[in-house]
Amino acid sequence: MSFTARQLREGLGFGALVEDLDPEAMADEATRQALRDLWIDRGVVVFRGLPDDGDTQIALSRVFGKPARHPLKFAARQDTVDELVDIYYVPERGDIVRIGDGPSLGAWLPWHFDLVYVDRINHGGILRPVELPGSGGTTGFIDGLEAYNRLPEALRDEMEGLYVVYHFDADLAGLRYGNTPGIVLERMNASAMTVMSKRDDLPPVAHPLVFTQKETGRKVLNFSPWFSLGIEGMDRAGSDRILGEVLNVLIDEHHAHFHQWQPGDMVLWDNWRIVHCATGIPAEQRRHMQRTTIEGDYGLGRISDWAEQLEQA
Ligand SMILES: [Fe+2]
């Protein structure tokens, strides 16, 4: 084995830290398979000590799958895939939120899966900081697989076979489920407003509330608070009760890992089980991250026509 993996934190039920991967070994098939097995087993892998550049990030990402095109890149060229997506927050533009009496925050995102608002959810991604703020800016991760094991038995039974409906919504402060108390959206950035204007081009979709990880047979609590509208075929009160209970178990920060970024870190996550969030930075600071998108399809998402009833409820 050409690397060693350690726990991210004592007692944390997911995640791994790899600090000694030789970049040359990324070409070795046995190492590649061992890295893929680690990703599927632990859900989040923090790589430290690799060369701090986009080419290494792309090469590492390709160990886990092909690069995927982002479906919201409406204007992107159709013949290429930009393997690195830039995620900027600069004070001149960018979403700004405030929570209660707290300071204004940029680069803040609620708990979510990436691309849960389309039927084909990407399998994962790797994040790397390019420019870090002077303070703040951690990324939170919670494991839906570990969370499933914390659910009460009766709720697990009730969740079987249910689908949750999702629709794209750029409003960080208007979540139907899991909205942060006291949050105010002070400014929505221009590109989010553009995407919102094309929201009708993105049909609502449904994803199962529970599914079984193919490689291991383990069950995953599959719920993204951001973008969720409710349970397909169920009225508002029924959805609120079940998803409220689910949220209480899933979004428990005792079971979260909040990653404090260091230059050169590359963090891989399995987007089919890990919800993540961004805790924000002081609104006058800057942050620049780059992310790869790893292709895949778990085959369980589909377009849903239930959303109109949920959106009006
Ligand atoms: Fe994300």
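How many residues does helix 1 have, and how far does helix 1 reach from its first C-alpha to its last? Helix 1 has 14 residues and reaches 20 Å, close to the 20 Å expected at 1.5 Å a residue. The expected span is 1.5 Å times one less than the number of residues.

Before continuing, I should state the basis of these remarks. This is a predicted model, in which local features need pLDDT of at least 70 and side-chain atom pairs count only at pLDDT 80 or more, while totals for chains, interfaces and linings use all residues. Residues are numbered from 1 along each chain as its sequence is written. Helices (H or I, at least four residues) and strands (E, at least two) are DSSP runs, numbered from the N terminus.

As to confidence, pLDDT is the predictor's confidence in each residue, from 0 to 100. The protein has a mean pLDDT of 94, and 95% of its residues reach 70 or more. Over residues 74–79, however, pLDDT stays under 50, and the model has three contacts beyond four places in sequence for that stretch; a contact requires C-beta atoms, placed from the backbone, within 7 Å. Where pLDDT is low, the predicted coordinates should not be read in detail.

I return to helix 1. Leu 35, Trp 39 and Arg 42 are buried in this helix. They cover an arc of only 95° around the axis, which puts them on the same side of helix 1; the arc is that of the directions from the helix axis to the C-beta atoms. Buried denotes 20 or more other C-beta atoms within 10 Å of a residue's own, exposed 12 or fewer, and partly exposed anything in between, with C-beta atoms placed from the backbone. Strand 2, strand 3, helix 2 and strand 16 are among the elements that cover the buried residues. On the face turned away from the buried side, helix 1 carries the exposed residues Glu 29, Ala 30, Gln 33 and Asp 37. Gly 43, with a positive phi near 85°, follows the helix.

Seven strands form an open sheet in the order 1-2-3-16-7-18-4, with mixed pairing. Strand 1 and strand 4 stand at the edges, each with a single partner strand, so one side of each is left without a neighbour in the sheet. Two strands count as paired if DSSP finds at least two bridges between them. Strand 4 pairs with strand 18 in the antiparallel sense over five bridges. Within that pairing, Val 85 of strand 4 stands opposite Arg 291 in strand 18. Is Val 85 buried or partly exposed? Val 85 is partly exposed, with 14 other C-beta atoms within 10 Å.

Elsewhere, strand 11 also has antiparallel partners. Strand 9 pairs with strand 11 over four bridges, and two bridges join strand 11 to strand 19. Val 205 stands opposite Tyr 166 and has Ile 303 as its bridge partner in strand 19. Val 205 and His 207 point one way from strand 11, Ala 206 and Pro 208 the other way, and all are buried.

Finally, two residues deserve a look at their backbone. Most residues other than glycine have a negative phi, and most peptide bonds are trans. Leu 115, in the loop between strand 6 and strand 7, has a positive phi of about 60°. Phe 227, in the loop between strand 13 and strand 14, has a positive phi of about 85°. Leu 115 is buried, with 23 other C-beta atoms within 10 Å, and Phe 227 is likewise buried, with 23.

Technical notes:
Two residues are in contact if their C-beta atoms, placed from the backbone, lie within 7 Å.
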